[in-house]
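Q: I'd like to learn how to read salt bridges in a model. Can you walk me through some?

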Amino acid sequence: MNIGLRRGTVELKDHDSAWTNLYEQEKQLLLDTFGNRIVAVEHIGSTAISGIPAKPIIDMNVAVESLDDIDDFIKKLPELGYEYIPERRYADRQFFPKGPSECRTHHLNLVELDSQTAWKNQLLFRDYLRENEDARNQYAELKRKLADEYADNREEYTESKSAFVLQVIEDAQRNDYE
């Protein structure tokens, strides 16, 4: 299986249709474990967009009612292989990676459904790229260039993509793409 990447590194793989199946399996595991505590689950990131290269890590957003009430997730997600990292709590999300640091396979973000930055913008970006070949091709080219430049610095790789990501979101909003 073409999944997993060492923490902090960047290595892109051609899109693999198996990533959708892996997401669906993980989604079902989460729904079976947490039931109605989960409001919605979405496959985000480049593994969710056919036609562009991606780090072989399944990114997911899991919407909950409130980030103030996630103690059960903090307790149960490690039983499913996710790591709870208290310092990876942000204003709009709590991040949980899955897999050992030498081979992360999934990134799960607990978010609130009404979060503009953590939920709505993530889906807007994904959906816009799915439907817009020019933007998708530009993003793929940028990702390849940055992956070559920052192969051992994922933080800089991610930061260097941010202006493009924000521009796509603005374009999508301006064109009432929601």
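Here is a short chat about the salt bridges in this predicted model.

Q: How many salt bridges does the structure hold?
A: The total is 11 salt bridges. Let's go through a few of them.

Q: Where in the chain do the partners Arg6 and Asp152 sit?
A: First, the contact itself: the side chains of Arg6 and Asp152 form a salt bridge at 4.0 Å, N to O. Arg6 belongs to the segment before helix 1 (18-34), while Asp152 is in the loop between helix 4 (133-149) and helix 5 (154-174). That's a link between distant parts of the chain, 146 residues apart.

Q: Is Asp152 buried or exposed?
A: Over 50% relative accessible area counts as exposed. Asp152 has 64%, so it's exposed. Arg6, at 45%, is partly exposed.

Q: What does the pair Glu26 and Lys98 tie together?
A: Their side chains meet in a salt bridge of 2.8 Å, N to O. Glu26 is in helix 1 and Lys98 is in strand 3 (residues 93-98), so this bridge ties together parts 72 residues apart in sequence.

Q: Why is Glu26 called buried?
A: The cut-off for buried is under 20%. Glu26 is buried because its relative accessible area is 6%. Lys98 is buried too, at 14%.

Methods. Residues are numbered from 1 along each chain as its sequence is written. This is a predicted model: local features need pLDDT of at least 70, side-chain atom pairs count only at pLDDT 80 or more; totals for chains, interfaces and linings use all residues. Side-chain values use heavy atoms; hydrogens and water are left out. Helices (H or I, at least four residues) and strands (E, at least two) are DSSP runs, numbered from the N terminus. Buried means under 20% relative accessible area, exposed over 50%, partly exposed in between (1.4 Å probe, protein chains only).
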